[in-house]
Amino acid sequence: MKVSKNELMASLKKAFEGLGFQPGDYHNAADMVVWLETHGFDGFSRLEAALDYLNTTAPIHADLVQEDAHNSVLDGKGTSILLCGSEAIDLIRTHVTPGFSAGLELINCYNRTFIIQQLVKAAQRNYAFVAYWRQLDYCVKVSITEGAELPEYETFTVTEVLEPQSLRVFCGADLEIIKRQYAGHLEFGTLIETYSTSEMLACYQASVEHGIEIDEALWQTLDDLVARILVESTESSRAGAGD
Amino acid sequence: MRTLVRRMVVENWQISSSVFDLDEQGYGTVVYQIEANYGTFSYVLFSHYLDPENRNDRVIADQWDLTMALCEGTVDTEQLDFLRNNVPKQEAGRVDSRVLVLSRANRSARTFEYVVNELANGHQPNVDVIAEVGYLYRTTAAYGSGKLGMADWEKVRTKHRDFARPFAAEMFTCYMLRHFSMQQADYLAAQRAPNSAVFLHEDIKRYIGIGNSTGLGMAPFLINHPLLINQWIEMRETALATVVAASESGVDEATLARLDVATQRVIQHLGEIVTADERQNNANLLLREELQLLHLWLEEQGAVLASNQYVWSSLTQYAEQHWHIETQEVINTLLIELYPELVDGFEEQMGVEESHQITPEMPVADLIEIIEDKYEWALAIDFSKHESMGVFWYRSQEKMEPRLGQTNIDMGMEKEMSLAVGRLVRECYDQIDSYNQARGQQNVAHFIMQNPAYSGIVARIQTMAQSHYGDIRENLVHADVLPIHLLRCKLSFFGVSKFDPRSRLWVRNTMFQGAPLISDFGKPLVDDWQFPIKPVLASR
């Protein structure tokens, strides 16, 4: 079946609320899923994977375990980027100062691809980002220039020993400053694949024109989660909106 | 509504029925094809028999007299079949991204049969009877913005310039309903009495609008779209400031005379409103009395006023000091209406993206200052009083209808919707203040790391701090909260009139009453229908 972006967003927000997310969190999480799906990053399959975890525990946020002037480490404690991604990006932005970039490592977290939407969102505030993580036997690198609306997405062979569930993010006023100051952290193996911005844009435009294809079972799953925040209707409650 | 009508008239939109397949009872299918300025659209309408006992204006209804869809392009047989299988079901059906708006309507029990019978008997309906209601049908919902599989607002905004302003497509759907309602009345009269029936007089047609029932469901939208509401009010305030500035060197007597005529028109309009709501009646009465004072002032002082510098500034200041808020706002409206050439351009600036974002670098002390400055109204509320948290908002299992529950009496408090902005600000303020005293010198990102539950309200506060109007400065969970005020605010921007509160939770009103007809498109625009009054028929 096909749904519109707006109704998908509305459904996701309520579904995440049904999972116990707080208002800021369910907005952010819905934004991440919708952005990935509408830009060709398999947002729905990643959501299904996340729901397996989110359905079994109360929402958990990351802890700040290490911090200096420009670098920090967050422990995700096994949570999803859907819950801690925005906090991580908000935090790293505060470590950027004139002429200096910032680095952040988020360990022990899942569903890392969702971070892309948070990078895109923060890029609109004139920050540049490079982020990478290990996915199976390859490395995913995402970079975006300040003010850009779409990122560069590339995969490389793995050259560095990366924690399986960690994510590294570098942020600065522009990409050149980041690359200069964090050159030692930004060495990648052989390029495997790129996913171009034109492909992302085409995917997005198709979703606006024709709607978004979603598996009916997943839509039903979302409906079931939404049902958690609904209140049983009674004769007396009907009066709460009418006569 | 008036923005849309101005365009349709000036751009001479061509509207014709490509399908008009009604039986002798008026049930069946109608498709109108619309050639607008930039594109072609189809308005598909299904007319059904409805047992009067099942006629219900609430969201929870599942049957209606009419159901409609506004579609892009033309509609072929296959799509028409698809729409026939889904549009009558409304929320229980699904449509696709070729549909821009989905709507439904119910007949007025008081006027529809009366008008058809009068026409069938060969004479025009009594205008006084029409005036009591104002319409033949009333719409109970006009869904757009991607609901139920429809086109997203982003698609409408970027692809369909004819409807690229907030709610323009929804308003058009109501306008077409009005057109159909009168065409159907003419059609049924002719069916019943082919030899004696007459068509509705064009002046009466112009006076017939569309009814609207709006309930609690609109309130969460208003609360959750503060940037949009801010934009609307800011444009109105900018328009008012522009016309006040235009009176810098005085105004000509013709302009003063137009204001006087418009004032008398509003007085008559208010006198023709029929409502059983005592509060509304009293408000209308007071408004009429104060506008009468304005009329006398204009009559007596007109010549002197014309040469006064900033006469409109003096008038609005006088109104603020001496007259009630409703009178002040009507005067503001009348002044804005005097200068279409100065203000009509603002209608292109009514849209804005609703995005609330955290500014993580902001020092916590600055956020505290912002709350104390911009949300002083929220901090002034004593939430320890029971009545300050006397109600809660929730979504019902029944069609997810938003409802109000009484705290500690009704079920569902634990599933409360996050709409109590004032209380959320208060809680956030208390938390951030104690955090600041304990930690000091920290920024918002660190506060959120420690207190993630507040990220939503912090994003709202930081975003809205850059605007003036979007937040509703009231306790929305007070035991005596009057949600109809929220509904009236949004409906006013649509241009509706004749508010008829049916309870504190829902309100009936009238749309497009007095507006030009489709037959007026392409002719000189008469744009004075914002306060419709009874027509005086030229001939009977």
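The model is predicted, so to speak of local features a pLDDT of at least 70 is needed, side-chain atom pairs count only at pLDDT 80 or more, and totals for chains, interfaces and linings use all residues. Residues are numbered from 1 along each chain as its sequence is written, while chains are lettered from A and ligands numbered from 1 in the order in which they are written.

**Where chain A meets chain B**

- The contact between the chains draws on 32 residues of chain A and 47 residues of chain B; two residues are in contact if their C-beta atoms, placed from the backbone, lie within 7 Å.
- On the chain A side, at least two residues each come from strand 1 (2-3), helix 1 (5-18), helix 2 (23-38), helix 4 (81-94), helix 7 (197-210) and strand 11 (230-231). Here helices (H or I, at least four residues) and strands (E, at least two) are DSSP runs, numbered from the N terminus.
- Helix 4 of chain A gives the largest share of that side, with five residues.
- By class, the side of chain A that touches chain B holds nine nonpolar, 13 polar and ten charged residues. Nonpolar covers Ala, Val, Leu, Ile, Met, Phe, Trp, Tyr, Cys and Pro; Asp, Glu, Lys and Arg are charged; the others, Gly among them, are polar.
- Strand 11 of chain A runs parallel to strand 8 (residues 391-396) of chain B, and two bridges join them. Two strands pair if DSSP finds at least two bridges between them.
- In this pairing, A:L230 sits opposite B:R395.

**The domains of chain A**

- Chain A is assigned domain 1 (1-59 + 197-229) and domain 2 (61-195), with bounds from an automatic or database domain assignment.
- The centres of these two domains, taken over C-alpha atoms, are 22 Å apart.
- Domain 1 of chain A brings 18 residues to their contact and domain 2 of chain A brings 15 residues.
- Helix 2, helix 3 (43-54) and helix 7 of chain A each give two or more residues to the domain 1 side, and helix 2 of chain A gives the most, with seven residues.
- That side of domain 1 of chain A has twelve nonpolar, two polar and four charged residues.

**A buried strand in chain A**

- Strand 8 (residues 167-172) of chain A is largely enclosed by the rest of the structure, because six of its six residues are buried. Buried means that 20 or more other C-beta atoms lie within 10 Å of a residue's own, with C-beta atoms placed from the backbone.
- One side of strand 8 of chain A carries the buried A:L167, A:V169 and A:C171, and the other carries the buried A:R168, A:F170 and A:G172.
- Strand 4 (residues 102-110) of chain A pairs with strand 8 of chain A in the antiparallel sense over five bridges, with A:L104 opposite A:V169.
- Strand 5 (residues 128-135) of chain A also pairs antiparallel with strand 8 of chain A over five bridges, and A:A128 has A:G172 as its bridge partner.

**Chain B: sheet and domains**

- Nine strands of chain B form an open sheet of mixed pairing, in the order 1-2-3-4-5-6-7-11-10.
- Strand 1 (14-22) and strand 10 (497-501) of chain B stand at the edges with a single partner strand each, so one side of each has no neighbour in the sheet.
- Within chain B, strand 5 (residues 99-107) and strand 6 (residues 135-143) pair antiparallel over six bridges, and B:R104 has B:A141 as its bridge partner.
- Chain B is divided into domain 1 (2-215 + 506-520), domain 2 (227-350) and domain 3 (364-464).
- Between domain 1 and domain 2 of chain B, the centres over C-alpha atoms are 32 Å apart, and five residues of domain 1 contact five residues of domain 2.

How values were computed. Buried ≥ 20, exposed ≤ 12 C-beta atoms within 10 Å, placed from the backbone.
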